Amino acid sequence: WYQRRVHGRAKWNDTERFYDGVIAKRNDDNTYNVFWPQWRNQTENIKFDDIKRPKIRVYKKGRLRVRDGKAGIDVTCQPKGIVITNKGEQPDMEVNDTLVGINGQNLKGHMPDEQAKIWKENLLDNVEFIVERPRIIERRPLIPATDSQAIYFYWKKNRHLLKKPATFNMTYEDKFAPRFTMECTLEYKDDRTIRVEASARSKREVKKLVSKKMIQKLADDPEVQRYLEPLAHAKRKATGAAPSQPAAKRVKTESSGRPHHEMLQEKAEKAYDMYLKLANAGDTEKATKKYKEYESTYKQYADEYREYAAKNP
């Protein structure tokens with residue numbers, strides 16, 4: 001809700017008093033400039049914790065306690081009514097309540113002198129009043145469900161440090177193999193860059209893998225650490241919700257309990273990752289050997305998968 005020109009309530013200076021205002025600007029240090037319509041001026045660098053948004057307002061009736069001609073409360077007059085800053089011993093009032101009516105008399109939309117006059121004329125024991133009470137609904141913390149979403153949340157929290165959101169670029173694509181290699185990059189304003197790379201057989205899977213690697217790279221950052229447990233919980237929940245394979249479609253597996261073609265796929269991926277590292281390091285001879293190993297393993301995988309698909313249409 002902190003987009004520009006949005007109404008809310010903010011704390012004024014070092015007091016504990018909140019007034020209606022308009023968010024005029026968001027600063028680079030995650031503070032805000034608030035414009036006060038009733039005073040036609042602005043306060044700069046207000047912290048986010050000192051800003052509230054009244055979601056809805058409710059109206060409450062109560063009875064005023066008056067002793068020796070005094071109510072024993074502190075108030076401030078505003079166009080919307082008389083705001084309670086110290087409720088004293090009034091049981092039916094709360095701090096930040098707005099008195100909008102007393103003894104049938106309206107207090108909204110009057111000048112402070114007129115409000116004070118109406119208040120004094122109706123300052124009687126057990127007189128009925130109406131207050132407008134803001135109901136604050138606190139914003140829940142955002143919990144990511146995937147690694148790529150956690151990277152996006154990390155950027156939103158650190159926009160003052162990062163140049164732009166994380167970029168995902170496909171650096172290698174072989175549609176006939178098929179094989180995809182993706183790179184994820186985070187660029188900081190101090191010219192520091194974090195870059196990770198991953199490979200997989202599908203575009204969806206390669207983005208999952210490269211996002212996971214980036215989260216592992218950022219694991220020491222406190223902003224990321226608070227996402228790790230919710231992420232692990234979300235992944236466990238998603239895995240547990242997946243339906244089990246019907247007994248009629250089970251195939252022969254290795255001693256680990258996995259289909260043979262899946263193990264060959266994993267072996268081929270590891271061989272290809274090693275090939276990329278060797279090629280980037282300039283070791284042409286070893287890179288060529290590793291690529292031949294990858295081709296051989298991938299051919300075995302393709303044969304095994306065709307056999308598996310034929311048995312499990």
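**View 1. L186 and its bridge partner across the strands.** L186 has I194 of β14 as its bridge partner. Strand β13 (residues 179-187) and β14 are antiparallel and share eight bridges; strands here are DSSP E runs of at least two residues, helices are H or I runs of at least four, and both are numbered from the N terminus. Two strands count as paired if DSSP finds at least two bridges between them. This is a predicted model, with local features needing pLDDT of at least 70 and side-chain atom pairs pLDDT 80 or more, while totals for chains, interfaces and linings use all residues. Residues are numbered from 1 along each chain as its sequence is written, and side-chain values use heavy atoms, without hydrogens and water.

**View 2. An open sheet of three strands.** Here the order is β12-β13-β14, with antiparallel pairing. At the edges sit β12 (167-174) and β14 (193-200), each pairing on one side only. Neighbouring strands are turned by 20° against each other on average, direction ignored. Helix α3 (residues 203-217) lies across β12, β13 and β14 and runs at about 145° to β14. Axes are lines fitted to C-alpha atoms, for helices over the stretch in contact (heavy atoms within 4.5 Å), and angles between N-to-C directions run from 0 to 180 degrees.

**View 3. Strand β9 and its partners.** In β9 (residues 98-102), five of five residues are buried (under 20% relative accessible area, 1.4 Å probe, protein chains only). Strand β8 (residues 81-86) joins β9 through two antiparallel bridges, and I82 stands opposite L99.

**View 4. The β9-β10 hairpin.** Two residues separate β9 from β10, and N103 in the turn has a positive phi of about 55°. G101 has N106 in β10 as its bridge partner.

Technical notes
Buried means under 20% relative accessible area, exposed over 50%, partly exposed in between (1.4 Å probe, protein chains only).
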